[in-house]
Amino acid sequence: MKKLVLAAAALCALPQVAHAFCGFYVAGSGQEMFNNATQVTLMRMGTRTVLSMQNNYQGPPTDFALVIPVPVVLQKEQVKTLPNDVFGKVDVMGSPRLVEYWEEDPCQTDLVREDMVMGAVGSASAPMVEKASAGDDLGVKIEAKFTVGEYQILILSATESTGLDKWLRLQHYAIPEDAEPLLRPYVEAGSKFFVAKVDPKKVTFKDGMATLSPLRFYYDADDFSLPIRLGLANAKGKQDLIVNILAPDKRYELANYKNVTIPTNLDVKDAVRTRFAEFYAALFDRTVELNPGAVVTEYSWDASSCDPCPGPTLDYSDFMTLGADVLDHDHEYSGGFVLTRLHARYGKGDVPNDLVFKETYPIIGGREQPGPSGKLEEGAQKSEMNNFQARYVIRHAWTGAIACANPVRGRWGGPPPDQQIAGGDGTPKAATNLAFAPRGQIDLPQVVAQPIPEIGVVPGVPLPRSPRAGGCGCQSSGGEAGGLALIGLVLILRRKR
């Protein structure tokens, strides 16, 4: 089977922080358009992949389209639009979370409680189609065409990347000048091209940004991979890539890039409460700076549960929306999906290869789970189940009187019911929209309450200045990786007037 090539769409651009994307946009006004954020969820079972993507676009409210490489010719029944809300649930569930614990009275002796396992504070309950004139001469063929929601879709094949480049330009799309070399490997691999044109009359624009209906499509392919190189055609600065993968009882990592897990189970100072996303961005950037070529695992947990929960868990309806209804019929759906969240950050010219995923062993970490010595588990450890999360804790020590002979310290729970809580209520907080978090303005050693040996951070000890200051300094195999990117290449097609 031909190499699986996936792609997803992109968001609005910021000068230095961007979300990556599997394809590129093409519009018609001649103005620049950029992508910087996309939410992508992949569901995988057997050889079937279901790709769901939520796309934001910033640019002139004129005709524009997405161009995404896909491994096979898609038919109308394989493509549909989705509601937006499910992506918010996936994002919150896999996001880094901040929790607060209060120390219980060290002299309290009538405790009727279970040992704390995985932190139970604040948990939420789980319950226009283009004519193909001259296309044959250029080696371009329209394999299928249909309409889904606000999208008018063409599936193209091409024998030459130069022919596809020219064909798109003849159809009055001003594609990026450097698009042809990026298209070439996909054409040579026999990929098809999913061109989804959007009718702006069916889209609401606000402040120059349109939120499009999420798209979902599925296909069968032996390889499980995601294209990211094409999305760099519309990149501006660093791009953040976040890939969420749902698979029955399986965790995934990269087969062709270095894998690391984010430092977790860290106690942090009270100041982090109002700057959590900024804190986490600094932690992430430091991690990839010291792990060149790495893609960071931030979450791996059964998607129907979480502890602590910053939002609702995924349910049967969400699984069906994201693709359980069309999974490989040789593998019966049982509902036991593991959500894996992978995070990378890269810039233009930094990424030599698309992402190739592989199954890997379960891990645990980031839980309020003391070991035999009473110390909380640290980092990620192999296990028989997936219970790993990026979790950070503000702890409020007991400040009341201690009037007993044998006080017991270090018993943590929710906020005292008879006390007014300054600045927090114990509810877990998720760090979302991380690509837009301020960078370079928080000093990790000043806001952590314990050492982080994996990344050389000691409370109160200044970090040495990186020789690559100003970027994350992370290298992928053959180039830099970075931020919160998603997948692939989407061409921003600009229709000339």
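Modeller: Let me begin with a term: two strands pair if DSSP finds at least two bridges between them. This is a predicted model, and in it strand β15 (residues 238-248) pairs with β20 in the antiparallel sense over eight bridges, with proline 248 standing opposite phenylalanine 337 in β20.

Biologist: Which residue stands opposite histidine 343 in β20?

Modeller: That is valine 296. Strand β19 (residues 294-302) and β20 also pair in the antiparallel sense, over six bridges.

Biologist: And how many residues of β20 are buried?

Modeller: Strand β20, which covers residues 337-346, has 10 of its 10 residues buried. Phe337, Leu339, Arg341, His343 and Arg345 point one way from the strand, while Val338, Thr340, Leu342, Ala344 and Tyr346 point the other way. In a regular strand the side chains alternate between the two faces of the sheet.

Biologist: Changing topic, how many disulfides does a search of the whole structure find?

Modeller: The search finds two disulfides. One is formed by cysteine 107 and cysteine 404, whose sulfur atoms are 2.1 Å apart, and the other joins cysteine 306 to cysteine 309, with 1.9 Å from S to S.

Biologist: What about their handedness, left or right?

Modeller: For cysteine 107 and cysteine 404 the torsion about the S-S bond is about -85°, so that disulfide is left-handed. For cysteine 306 and cysteine 309 the torsion is about 125°, so that disulfide is right-handed.

Biologist: Is cysteine 306 buried or exposed?

Modeller: Cysteine 306 is buried, and cysteine 309 is buried too, whereas cysteine 404 counts as partly exposed because its relative accessibility is 28%.

Technical notes:
Residues numbered from 1 in each chain as written. Predicted model: local features only at pLDDT ≥ 70, side-chain atom pairs only at ≥ 80, totals over all residues. Heavy atoms only, no water. Disulfide = S-S within 2.5 Å. Buried < 20%, exposed > 50% of the residue type's maximum accessible area, 1.4 Å probe, protein only. Helix = DSSP H or I, 4+ residues; strand = E, 2+ residues; numbered from the N terminus.
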